[in-house]
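The following exercises concern the structure shown below. Each task is followed by a worked solution.

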Amino acid sequence: MWKGAVAAVIATITGAAALTTRLNGRISELDRRVDQMELRIAENYVSKADMESMIDRVETHLIRLENKLDKLTYR
């Protein structure tokens with residue numbers, strides 16, 4: 001009787017471990033897929049042309065500020 005109970009407990013623990021491993025594998029796969037989707041969304045959210053346009057605008061403003069500071073310091 002004890003042998004049967006021990007075998008049942010071991011089988012239950014092994015089955016639970018197998019289910020946990022499968023569940024963790026599925027969670028990892030889902031996490032990987034969500035990460036890929038987030039990356040695709042981030043890549044497409046701001047186009048390269050828009051980013052270059054924004055950087056050019058910021059650079060223009062910075063140059064104007066530098067020129068103003070130069071005028072103030074050379075007086």
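**Exercise 1. Determine the secondary structure of the chain and how spread out the chain is.**

Solution. The chain holds two helices and zero strands, where helices (H or I, at least four residues) and strands (E, at least two) are DSSP runs numbered from the N terminus. Its radius of gyration is 31 Å, well over the 11 Å given by the globule rule for 75 residues, so the chain is more spread out than a compact globule. That radius is taken over C-alpha atoms, and the globule rule is 2.2 Å times the number of residues to the power 0.38. Along the principal axes, the C-alpha trace spans about 100 × 30 × 5 Å.

The model is predicted: local features need pLDDT of at least 70, side-chain atom pairs count only at pLDDT 80 or more, and totals for chains, interfaces and linings use all residues. Residues are numbered from 1 along each chain as its sequence is written, and side-chain values use heavy atoms, with hydrogens and water left out.

**Exercise 2. State what percentage of the 75 residues is buried, and describe the accessible surface.**

Solution. Buried means under 20% relative accessible area, exposed over 50%, and partly exposed in between (1.4 Å probe, protein chains only). By this criterion, buried residues account for 0% of the 75 residues. The accessible surface of the chain is about 7400 Å², and carbon and sulfur atoms contribute 64% of that surface. Areas come from the Shrake-Rupley method with a 1.4 Å probe; for residues, only the protein chains shown count as cover.

**Exercise 3. Identify the salt bridge and locate its partners.**

Solution. A salt bridge requires a side-chain nitrogen of Lys or Arg within 4 Å of a carboxyl oxygen of Asp or Glu. The count by this rule is one. It joins the side chains of Glu29 and Arg32, at 2.5 Å from N to O. Both partners belong to helix H1 (residues 2-45) and lie three residues apart, about one turn of the helix. Glu29 counts as partly exposed because its relative accessibility is 35%; Arg32 is likewise partly exposed, at 39%.

**Exercise 4. Which residues form the nonpolar and positive surface patches?**

Solution. Patches consist of residues with over 30% relative accessible area and no salt bridge; like charges are joined within 9 Å, and nonpolar side chains (Val, Leu, Ile, Met, Phe, Trp, Tyr) within 5 Å.

- The nonpolar patch comprises Tyr45, Val46, Met51, Met54 and Ile55, with about 510 Å² of accessible area together. H2 gives the most to this patch, with three residues. Met54 lies in helix H2 and is partly exposed, with a relative accessible area of 39%.
- The positive patch comprises Arg64, Lys68, Lys71 and Arg75. Arg75 sits in the segment after helix H2 (48-73) and counts as exposed, at 81% relative accessibility.

**Exercise 5. Locate Leu72 and state how far its C-alpha atom is from that of Thr21.**

Solution. Leu72 belongs to helix H2. With 56% relative accessibility, Leu72 counts as exposed. The C-alpha atoms of Leu72 and Thr21 are separated by 68 Å, and the two residues are 51 residues apart along the chain.

Terms used:
Lys and Arg count as positive and Asp and Glu as negative; His and the chain ends are not counted. The place of a charge is taken as NZ of Lys, CZ of Arg, CG of Asp or CD of Glu.
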